[in-house]
Every structure is written in structure tokens, then in C-alpha cells.
Amino acid sequence: MQKYSVFSLIKNAFKDHKKWEVAWKDPTPKSEYDVIIIGGGGHGLATAYYLAKEHNITKVAIIEKGWIGGGNVGRNTTIIRSNYMHDENGLFSEFGMDLWRNMSQDLNFNVMFSPRGIINLAHSDAQMNVYSRRGNSMRLNGIDAVLLNREEVRKIIPMADFSENVRFPIFGGLMQPSAGTARHDAVAWGYARQADSMGVDIIQNCEVTGFDVSNGKILGIRTSKGAIKAKKIGLCVAGSTNILAEKLNMTLPIETHLLQACVSEPIKPILDNVVTFGAGHFYCSQSDKGEMVMGGDLDGYNSYAQRGNLPTLQHVLTEGIAMFPFLSKLKMLRTWGGIMDMSMDGSPIIDKTHIDGLYLNCGWCYGGFKATPASGWTFAHTIAQDRPHELNAGYSLNRFSTGHLIDEKGLGTKTWIS
Amino acid sequence: MLHIKCPHCGLRSQNEFSYGGDAAVKRPELNKEVSDQDWDNFVYLRKSPAGKHLELWQHISGCRQWIKVERDTLTHEIFKTLKASEEA
């Protein structure tokens with residue numbers, strides 16, 4: 001594989017940039033692999049990469065219905081954080097933060113990781129108490145957390161609404177300084193390029209139409225490009241999890257919902273951090289191009305549509321304007337939607353299944369992008385060793401029936417309420 | 001914007017309704033032996049189909065009645081609406 005560097009850039013400039021190697025090949029599927037990963041999103045690509053890198057398993061295929069970068073890895077709001085209270089989520093995400101910090105070097109691809117800090121705003125004394133508890137829990141797990149008072153928040157984001165008679169005055173906030181953003185497409189492309197270079201077949205435009213299961217063991221898959229055999233198959237398809245589960249006669253603690261995001265026209269730098277509104281569901285950051293990147297609530301009813309509905313967008317932006325009044329002056333550049341695999345406790349599932357050789361990675365809800373490296377790393381471990389790593393042991397499929405829920409927000413099973 | 005025909009009030013905008021989830025799940029009957037699996041099925045497990053989905057909505061800003069809506073989760077087309085007590 002051609003290494004990307006300033007020297008390769010100069011060298012290729014002399015050839016009018018017409019001689020770059022393709023970043024990954026377009027192979028026809030072989031008849032058999034050691035491992036098949038279904039879903040060529042960030043998590044699937046990362047899983048294949050860590051299978052090759054950490055476990056030396058390179059006879060791997062990634063089967064993707066669409067194209068690399070076309071699903072949720074290209075539709076998210078690029079936020080990376082580990083500001084969780086529960087041990088399972090905190091330790092898992094903080095492990096991921098270390099992978100994020102080294103990702104550009106590790107993948108030889110600039111993922112533009114920008115640890116700019118995230119601030120969760122608080123709008124009451126009670127909320128300050130809750131944030132203080134969460135911040136302390138984070139620090140006990142070795143995650144950085146700073147509780148900010150109103151004046152400290154004002155110094156960082158003076159353009160927020162600090163007037164006296166607003167409905168939700170800013171009391172302070174909880175900040176994780178090491179959180180941030182990364183270029184989401186680059187993450188997909190970087191993992192795809194490295195996985196490909198280590199022998200992984202990335203097969204795009206190939207839909208899985210069925211599974212071959214016999215005596216409780218997985219034997220292979222049927223696809224639009226023919227049958228492919230494998231003793232181990234990892235399901236990593238986010239919003240399409242329920243569709244594939246139905247083909248396996250499995251019913252999962254997952255509901256599929258639509259989440260929208262949007263960007264404004266680009267403006268000069270005004271917002272250095274990621275900021276979330278604490279009296280509703282709205283978050284905002286500014287991209288390197290200058291666009292304000294914004295998101296919030298689910299559309300609120302089961303959907304596979306990948307396109308949103310106006311009432312929710314209007315509601316979310318109303319919250320945005322309450323937080324940052326200047327947003328009302330901006331024109332909207334783009335809005336889009338992606339489908340989320342909402343789990344019944346808000347936490348993901350990375351586990352084996354009752355079918356021998358079939359592994360499940362789903363339930364990422366709103367938080368799939370930031371989990372990309374840790375999810376890939378632990379899923380690769382789970383597949384290679386046929387048992388979960390201690391980092392994802394809590395993300396078990398049977399925790400719902402045993403009562404070991406990881407309900408970070410305490411929302412219960414109404415997954416569309418946020 | 002969805003337009004939902006409330007069986008009590010007629011065609012209204014989505015803004016008047018609040019979502020209540022999958023209408024196909026059934027609460028296990030009380031005073032009977034209920035297995036853990038039955039509770040699991042009711043509380044956590046969802047088919048969440050891509051296509052026709054029977055779901056509960058409440059006409060919260062209208063008559064406040066719960067209703068059933070049969071809707072396509074891919075196209076958002078609404079095929080029919082029923083009173084909560086009616087079987088689809």
C-alpha cells in the first residue's frame with residue numbers, strides 16, 4: 001500500500017495526481033471466508049481492521065448493501081466523547097478515546113480528530129447536582145470532567161443566551177475537555193483502506209438476502225452476488241438490524257427510528273466547542289468549513305425512511321435558538337436523516353448469539369460514531385476469541401431478561417422519548 | 001408532516017398526536033402463570049418491521065383518546081386508523 005505523506009503528495013503532484021493508487025479494491029466475493037462482517041459502516045470496517053491487526057485474521061469479507069461512507073458513518077454529527085456515568089459505558093468509551101487520539105497515525109489517514117471539548121449546559125440547581133454526580137463518576141473512571149459555573153461557561157461561549165429572563169437560564173455546565181469531533185468520512189475511508197491493504201475484501205453493492213443455519217450453527221450467507229460460506233459472521237448493520245434479525249427468526253430489544261441532523265451556511269469561526277442544550281435535546285458544533293452542525297431528537301415513531309419530517313426539525317431548532325439566539329439569522333444549508341438502532345436501555349449490544357458463530361453488534365442509538373474504534377476493537381475480540389472482552393462484557397444480549405440494564409438516561413423502553 | 005385520521009375527530013396534523021409504540025405487543029394476563037420469556041417479549045422485544053406497522057398514538061391535543069394506526073415505516077403512508085379497542 002502506498003503510504004500517505006508529504007513526500008508522496010509532492011511526488012504525485014509531478015504526475016498531475018493521476019497516478020494515486022486506489023484506496024481500496026473492488027473484489028468479486030470468494031466462495032468462502034474465515035469471517036464475514038455484514039455492514040460496511042464505520043463499525044464493520046473497524047471490526048475487519050482490528051481482526052486483521054490484532055488477531056491476524058485476514059481472510060475476511062465486508063458485505064455492504066450500499067457504498068462505503070453512505071450510511072450512518074456519513075450521516076452523523078461527528079461528536080466524540082466519553083462523558084458517561086455508568087462504568088460499562090465510561091470505561092468502554094474512554095478506551096475508545098485512546099484509539100481516537102492515535103487514529104490518524106495508526107491508519108496513516110488524517111481523520112482530523114479535534115479534541116475541542118464538549119459542554120453539557122445545566123439550567124437548574126438540580127441539574128447542576130446531577131452533572132456534579134456524573135462528573136465525579138467520570139473522574140473515578142479516569143475520564144476528565146470539569147464542572148463549570150455560569151461565569152465560567154460565559155467565558156467560553158459568550159454568544160449563548162445569558163440574559164436574565166429566559167425560560168431556561170444557564171446555571172453552568174459539565175465539560176469534558178478531551179472530547180471533540182473528527183472527520184467522519186475520513187474514519188470510514190481510513191479503516192477501509194487499511195483493512196483492504198491487509199487482505200480484507202470490501203464488497204459493496206451486495207445485499208444479504210438470507211442466512212444458512214444448520215443445527216444451531218451458522219454456515220454462510222446468501223447475497224445478491226451469490227452464496228458465501230463462513231464459520232463466523234458478524235452482524236454490524238445499525239438501523240437495518242431488525243431487517244436481518246427477521247431473516248434469522250430473531251426478535252431483538254431494538255426498535256428502528258429516524259434521527260435528523262442539519263448544517264447551516266458556513267460562517268466565520270464563532271464556536272470552539274461542542275455544546276449541548278440541557279433543557280431539551282439539541283447539540284451544536286462548528287465544522288472546519290464554518291457550518292454550524294446541529295442535531296437533536298428522533299422523529300418519534302418507528303421509521304426506516306432515511307429522511308426526516310419537519311415538525312421535529314422545527315422543534316429541535318427552536319431549542320437551538322433558545323440556546324444560541326444568533327442561529328436564527330442563519331440559512332439552513334442541508335438537512336438529512338439516518339436510521340438508528342435504538343436499544344431498550346439506550347446502551348449497545350456486542351455479544352454472541354444463540355446461533356453458534358453468529359455475533360451481534362447493534363443498539364448504538366444516538367452514539368454510534370464516537371464508539372467506532374472501541375466497537376470495532378471489542379467486536380473483533382469477541383469474534384476472534386468467541387467470547388466478549390471485559391470492556392464489552394456488560395453489553396450482553398441477555399441483560400434485558402436478567403435485569404442487568406445499563407440505562408444511562410433512565411428512560412426505560414420508550415426509545416423514541418428523549 | 002403526517003396527517004392522521006383520528007377515528008373520533010377526523011383528519012388532523014401529526015402535531016396533535018403523541019406516539020405510543022408497537023400496538024402488536026400484548027401484556028401478559030394477570031392471575032396466570034407468566035414465564036420470564038413472556039415478560040421479556042412484552043417489555044423489551046420488538047419486531048420493528050420495515051413496512052406495515054401497527055402502532056398506538058394518542059390524540060393528546062384533541063380528544064385525548066388512544067388510537068391504532070397502521071402505517072408504512074418506509075414510506076410513512078397511513079393505511080388505516082382504528083379505535084384502540086378495535087382489532088386490526
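This is a predicted model: local features need pLDDT of at least 70, side-chain atom pairs count only at pLDDT 80 or more; totals for chains, interfaces and linings use all residues.
A residue is called buried when its relative accessible area is under 20%, exposed when it is over 50%, and partly exposed in between (1.4 Å probe, protein chains only). By that rule Asp345(A), at 2% relative accessibility, counts as buried. Residues are numbered from 1 along each chain as its sequence is written, chains are lettered from A and ligands numbered from 1 in the order in which they are written, and side-chain values use heavy atoms, with hydrogens and water left out.

**Where chain A meets chain B**

- Counting contact as heavy atoms within 4.5 Å, 23 residues of chain B touch 24 residues of chain A.
- The two chains bury about 2,100 Å² between them, 55% of it on carbon and sulfur atoms; buried area is the accessible area (1.4 Å probe) that two parts lose on being put together, summed over both.
- Look across this interface for one salt bridge, a side-chain nitrogen of Lys or Arg within 4 Å of a carboxyl oxygen of Asp or Glu.
- That salt bridge pairs Glu255(A) with Arg46(B), whose closest N and O atoms are 3.6 Å apart.
- On the side of chain B that touches chain A, β3 (18-22), α1 (36-43) and β4 (52-58) of chain B each supply at least two residues; helices (H or I, at least four residues) and strands (E, at least two) are DSSP runs, numbered from the N terminus.
- The most comes from β3(B), with three residues.

**Salt bridges**

- Over all chains, the rule gives 18 salt bridges.
- Asp345(A) has Arg399(A) as a partner, with the closest N and O atoms 2.7 Å apart.
- This pair links distant parts of the chain, 54 residues apart: Asp345(A) is in the loop between β16 (332-343) and β17 (349-352) of chain A, and Arg399(A) is in helix α11 (residues 399-402) of chain A.
- Like Asp345(A), which is buried, Arg399(A) is buried, with a relative accessible area of 1%.
- Lys53(A), Glu54(A) and Asp106(A) are joined into one network by salt bridges that share partners.
- Arg222(A) and Asp212(A) form another salt bridge, with their closest N and O atoms 3.1 Å apart.
- Arg222(A) lies in strand β10 (residues 217-223) of chain A and Asp212(A) in strand β9 (residues 208-214) of chain A, so this pair ties together parts that are ten residues apart in sequence.
- Both ends are partly exposed, with Arg222(A) at 39% and Asp212(A) at 29%.

**Cysteines**

- A disulfide is a covalent bond between the sulfur atoms of two cysteines.
- Here the rule asks for two cysteine sulfur atoms within 2.5 Å, and the search finds zero disulfides over all chains.
- Cys262(A) is buried at 2% relative accessibility, whereas Cys63(B) is partly exposed at 26%.
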